[in-house]
Amino acid sequence: MKKLFIYNSLTRRKEEFISLHEGFAGIYVCGPTVYGHAHLGHAKSYISFDIVVRFLRHLGYKVRYVQNITDVGHLTDDADAGEDKIGKQAQSERLQPMEIVETYTRSFFADMDALNVLRPDISPRASGHIPEQLELTQMLLEKGFAYEVNGNVYFDVSKYSAYGKLSGRSVADLLEGTRIEVNTEKRHPADFALWKKAGPEHIMQWNSPWGSGFPGWHVECSAMSTKYLGQPFDIHGGGLENTFPHHECEIAQSEAATGKTFARYWMHNNMVTVNGVKMGKSLGNFITIHQAMENLEPMAIRFFILSSHYRSPLDFSDDALTAGQKGFQKILTFLRRVTELVPATDAGIRLEQVVSDYQVAFENELCDDFNTPKALAVVFDFIREMNSLFDQDDRLNPVDQAGLINVLRRTVGDVLGLLPDAVLSNKEQGGDFSGVMELLLELRQILRREKNFALADQIRQKLTELKIEIKDTADGSRWEKK
Ligand SMILES: [Zn+2]
């Protein structure tokens with residue numbers, strides 16, 4: 001298997017990926033808190049990890065991809081204070097919390113399907129894993145890492161010296177933090193809730209040894225990841241903004257409870273910004289995936305996201321999205337051109353070596369911490385090289401033609417996910433009426449030969465209105481859907 005290097009947020013350097021069990025990779029990514037439609041920030045996060053999963057599979061790993069659905073316990077300040085985000089949304093929409101959860105879970109997967117993000121192998125819901133969360137909380141209490149006050153259970157950060165190792169914060173600094181403490185139950189302001197006592201207004205609550213309540217957000221991910229992947233497991237992913245407190249707390253809980261490493265590689269994707277400011281629901285500057293898809297095809301959005309590295313911020317603009325659309329179209333146009341080349345067994349050039357060099361160069365970029373912008377650059381260099389070759393001779397050996405289509409499907413399709421079935425079947429791209437198009441082009445050639453330029457131009461004009469462009473070349477005319 002090819003050597004893959006991953007930037008590990010825990011050690012702050014690129015490390016060779018050595019999976020725990022040979023040939024198998026277990027990955028957990030924090031899933032959405034389902035109380036609103038997903039926006040472009042979510043698209044960046046889940047497309048980034050989709051590439052990780054796709055590429056690991058491409059390299060030959062058997063992957064188990066777990067991505068949870070947070071349907072309870074995520075409070076409005078991201079730590080453990082404020083209202084439950086889902087409960088609050090349920091109140092404002094006058095619906096049951098589970099109706100909110102169902103609505104936005106469906107919306108999330110519909111958006112992800114459109115963006116050709118592969119579904120996780122397991123999508124556990126927090127509310128369906130309460131016993132596992134109670135068990136973990138109980139273990140932490142028994143081992144003296146947690147304490148109970150008035151139906152609430154808190155993790156005691158002063159008992160766990162490694163707290164802060166992911167985010168680079170020291171326990172000492174956190175212990176001396178000057179944050180004004182409103183919750184006097186906590187022994188220390190940095191302590192976080194494992195279990196919260198529920199008031200009568202809480203619809204979602206469960207029985208526990210400490211009374212009726214609901215789990216803390218952090219404990220959900222600890223319980224669900226290790227249930228399906230074991231401990232330790234290979235890769236834990238999520239958004240950069242969740243490094244602290246969420247991921248720091250996950251590590252503390254899981255490692256304190258078992259004495260074993262939690263996740264071996266931590267990966268964090270950067271955010272989407274608007275004029276340099278993070279795009280987010282709380283900031284009110286977000287564009288939902290659904291809104292973006294009203295003007296653009298989903299693959300243009302996917303291309304836009306892949307055009308920057310997952311660890312870099314991506315600034316949103318209409319120009320950047322339009323560039324995504326153009327880049328994606330360029331790939332499709334090339335793919336169509338390859339299928340339309342004239343098969344000839346005696347064609348002079350052979351492509352076996354170039355095709356294999358291309359695939360190696362493409363994989364090398366992704367082996368370097370999933371560098372999608374550089375992998376795309378390899379794709380475009382290759383397209384340019386091939387195009388200039390076919391400009392001179394449009395005959396190609398059928399074996400090479402098949403090899404070329406195959407390598408594009410494997411790289412641009414299977415790994416980058418830019419060629420979903422709908423695109424490949426060519427329906428949206430005009431494949432359905434390609435026969436009619438050929439007829440029109442032939443007719444136009446006849447008109448031109450007969451010097452009936454007015455009618456020939458009229459055909460071109462009408463097609464332009466239909467967003468079909470005609471290109472006249474020395475060897476005849478070609479058409480392209482814009
Ligand atoms: Zn999480």
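User: At what angle do helix α2 (residues 85-93) and α3 pack, and how far apart are their axes?

Analyst: Helices here (H or I, at least four residues), like strands (E, at least two), are DSSP runs numbered from the N terminus. An axis is a line fitted to C-alpha atoms, for helices over the stretch in contact, and angles run from 0 to 180 degrees between N-to-C directions. In this structure, α2 and α3 pack at about 100 degrees, and their axes are 8 Å apart. This angle makes α2 roughly perpendicular to α3 (under 35 degrees counts as roughly parallel, over 145 as roughly antiparallel, 65 to 115 as roughly perpendicular, and the rest as oblique). Ile86, Gln89, Ala90 and Glu93 of α2 make the contact with Pro97, Ile100, Val101 and Tyr104 of α3, where contact means heavy atoms within 4.5 Å. By class, the residues of this contact are six nonpolar, one polar and one charged. Ala, Val, Leu, Ile, Met, Phe, Trp, Tyr, Cys and Pro count as nonpolar, Asp, Glu, Lys and Arg as charged, and the others, Gly among them, as polar.

User: What kind of model is this, and how are its residues numbered?

Analyst: The model is predicted: local features need pLDDT of at least 70, and side-chain atom pairs count only at pLDDT 80 or more, while totals for chains, interfaces and linings use all residues. Residues are numbered from 1 along each chain as its sequence is written, and side-chain values use heavy atoms, with hydrogens and water left out.

User: How many helices and strands does the protein have?

Analyst: The protein has 16 helices and 17 strands. Its C-alpha trace spans about 95 × 50 × 35 Å along the principal axes. Of the 482 residues, 51% are buried (under 20% relative accessible area; exposed is over 50%, and partly exposed lies in between, with a 1.4 Å probe and protein chains only). Among contacts between residues at least 6 apart in sequence, 75% join residues at least 24 apart.

User: How do α1 and helix α11 (residues 352-367) cross?

Analyst: Their axes come within 11 Å and cross at roughly 130 degrees, which means that α1 is oblique to α11. Ile51, Phe55, His58 and Leu59 in α1 meet Gln359, Glu363, Leu366 and Cys367 in α11. This contact consists of five nonpolar, two polar and one charged residues.

User: How are α11 and helix α13 (residues 398-415) arranged?

Analyst: α11 and α13 pack at about 10 degrees with axes 10 Å apart, and they are therefore roughly parallel to each other. On the α11 side, the residues include Val355, Tyr358 and Phe362, which belong to a contact with α13 residues including Leu404, Val407 and Leu408. By class, the contact of α11 with α13 has nine nonpolar, three polar and three charged residues.

User: Is arginine 54 buried or exposed?

Analyst: Arginine 54 is found in helix α1 (residues 40-59) and counts as buried because its relative accessibility is 8%. Its side chain forms a polar contact of 2.8 Å with the side chain of aspartate 50. A polar contact is a pair of N or O atoms within 3.5 Å; within protein, one must be able to donate a hydrogen and the other to accept it, and residues adjacent in sequence count only if both atoms are side-chain atoms. Beyond its neighbours within four places in sequence, arginine 54 has contacts including Asn116, Arg302 and Asp414.

User: Where does serine 127 lie?

Analyst: Serine 127 lies in the loop between α3 (97-114) and α4 (130-142). The side chains of serine 127 and aspartate 71 make a polar contact of 2.6 Å. Leaving aside neighbours within four places in sequence, serine 127 is in contact with Asp71, Val72, Met98 and Trp206.
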